[in-house]
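Please have the model open while I talk.

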Amino acid sequence: MKSPIYLDNQATTPLAPEVFDAMVPWLKDHFGNPHSAHKLGRQTAAIIDVAREQLAVLLPEQGNVIFTGSATEAINLGFGAIYQQLKRGRNEIIVLETEHAAVRDTAKSYAKIGFEVAFVPVDSNGIVSLEALKSLASSKTALIAAMLVNNEIGVIQPVEAIAELAHLHGALMLCDAVQGYGRVAIPDNVDMIAISGHKIYGPKGIGALWTRAGLELPTLIHGGGQEKGVRSGTLSPALCVGFGKAAELCNSNLTKDMAHIEKLSDYARELFGDWLVNGAIDRRYPGNLNLRKNGLDVGRLMSDVRDVAFSAGSACASGSGRPSHVLTALRLEPAEVRSSIRLGFGRYTTMDEIEQAANMINSAAKAQLL
Ligand code: PLP
C-alpha cells in the first residue's frame, strides 16, 4: 500500500533515521538499569547524561532537564511548582486562550483546589493581547503559562514579554515549547519549559521539563527517587538517547531545516493562493499553514483526499466533534472554523509532495464548491 503524503508534522514527526540508529544499541545490547551501581548501569547512566546535555544545548543555561513520558506529563509536573506559590498567598493562574489541552485542562484541574484560572484572549491573528494580560496579572498571580508556537495555527507568542510581566508580579512562567523547540529560539527568561521527543523527529513516549536552577517541584511520581526525586521510575536509555540525538540533529541542521521549510511554505502559499491563512502571517513558524476556504466541508474533503495525511484543526482535538478552540479564539464563525485545514511541513517533506498534495486538495475542494 502506498503511504499517504505526510503533511501533519504538528501531530507528530517521522523518526529521523540517525535517531533510530542511535537508539538500537540501547534496546539491543546495552540493557543495564541506569540506576544500578555496577558497570552496565553506569554505562547507561552515562549515555543518559549525554542525552540530557544534548537537550540542554537548545535550552537556557543554568537549569535542569527532567525526563518525563511526554510533554503533557512535563506540563503537569511544571504546574506542581505552584503549590509553593499557594503558600505565599498566590492563588491565580493565567493561561492563554489558545493553549493546548495539556495546559488548559491542567490549569482547570487546579480550580478544584482553590486556584482561580483566567484565560487571556488573543487578537484575530492569534497573538496574545499583552494589555489584557497586564490587566489580569497581579501580586496574586502564581503562574502564567504561554506556548511558544501554537500547534494549530503556528503563530509565535511574545514569550519573552510574557515572562517579564510574570516576573514583575513575582509569578512563575511556564512555556510550552513543544512546537518550537529545535526550530524557534526559546527566550531565556522563562522558568520552566516543556518539550516532546516525537515533535522533533525523535521517539514517542518521552518528553522533558527544563526548570530554572533553584526552582522547587513537588514529587509527581513517588518511588525510587529518580529524576531528582520528582519523577521516580526507571528511565528508558533508548528513548533518552533518541530524544538527545533528535535535539542534536535539530541543532546541527537548524539553518538547513529552516531554509527548506520556508521554501516549502512559500511554495504551498503560492499553490493555495486562493485560500485564506488563519493566524498571523509575519509571526509564524513556516512549517505550519492553517488555511481556510469558505463554504468548504472539511470532513468531506478529508474523506475525498485520502492520499494526503493532513488535519482538520488540531489532531489532539480531532474526534471530539467540538470546533477548534484556537480558531474560535480568532473570532472565526463556526462555519469558517469547519472550513479550515492544517498543513504541516517538516524536514522530510519534498517540493514534489507539496505540489501533488495541493493538486489533490485543490481539485477536491473545487469539485465540492462547483
Ligand atoms: N503542547 C503542544 C503545543 C502540543 O502540540 C502537544 C502535542 O500535540 C503537546 C503539548 C503534548 O505533547 P505530548 O504528545 O508529548 O504529550
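In this predicted model, a polar side-chain atom of Asp176 lies 2.6 Å from a nitrogen atom of the ligand, and by a polar contact I mean a pair of N or O atoms within 3.5 Å, where within protein one must be able to donate a hydrogen and the other to accept it, and residues adjacent in sequence count only if both atoms are side-chain atoms. An oxygen atom of the ligand is also 2.5 Å from an N or O atom in the side chain of Thr72, and for the side chain of Ser196 the corresponding distance to a ligand oxygen is 2.7 Å. The protein covers 91% of the 390 Å² of accessible area that the ligand has on its own, areas here coming from the Shrake-Rupley method with a 1.4 Å probe, and for residues only the protein chains shown count as cover.

A word on conventions: the model is predicted, so local features need pLDDT of at least 70 and side-chain atom pairs pLDDT 80 or more, while totals for chains, interfaces and linings use all residues. Residues are numbered from 1 along each chain as its sequence is written, and side-chain values use heavy atoms, leaving out hydrogens and water.

Let me turn to helix α3, residues 71-79, where helices are DSSP runs of H or I with at least four residues, numbered from the N terminus. Ser70 caps the N-terminal end of α3, with a side-chain oxygen 3.4 Å from the backbone nitrogen of Thr72. Because 7 of its 9 residues are buried, α3 is largely enclosed by the rest of the structure, buried meaning under 20% relative accessible area, exposed over 50% and partly exposed in between, with a 1.4 Å probe and protein chains only. Among the buried residues of α3 are Glu73 and Phe79.

Phe79 also belongs to a cluster that ring pairs form with Tyr83, Tyr110 and Phe115; rings of Phe, Tyr and Trp (its six-membered ring) pair if their centres lie within 6.5 Å, planes under 30 degrees apart counting as stacked, over 60 as edge-to-face and the rest as tilted. How many aromatic pairs does the whole structure hold? The search finds 6, and one of them, Tyr83 with Tyr110, is tilted, at 5.8 Å centre to centre and 55 degrees between the planes. That pair links helix α4 (residues 82-87) to helix α5 (residues 101-111), its partners being 27 residues apart. Tyr83 is partly exposed at 40% relative accessible area, whereas Tyr110, at 8%, counts as buried.

Technical notes:
Helices (H or I, at least four residues) and strands (E, at least two) are DSSP runs, numbered from the N terminus.
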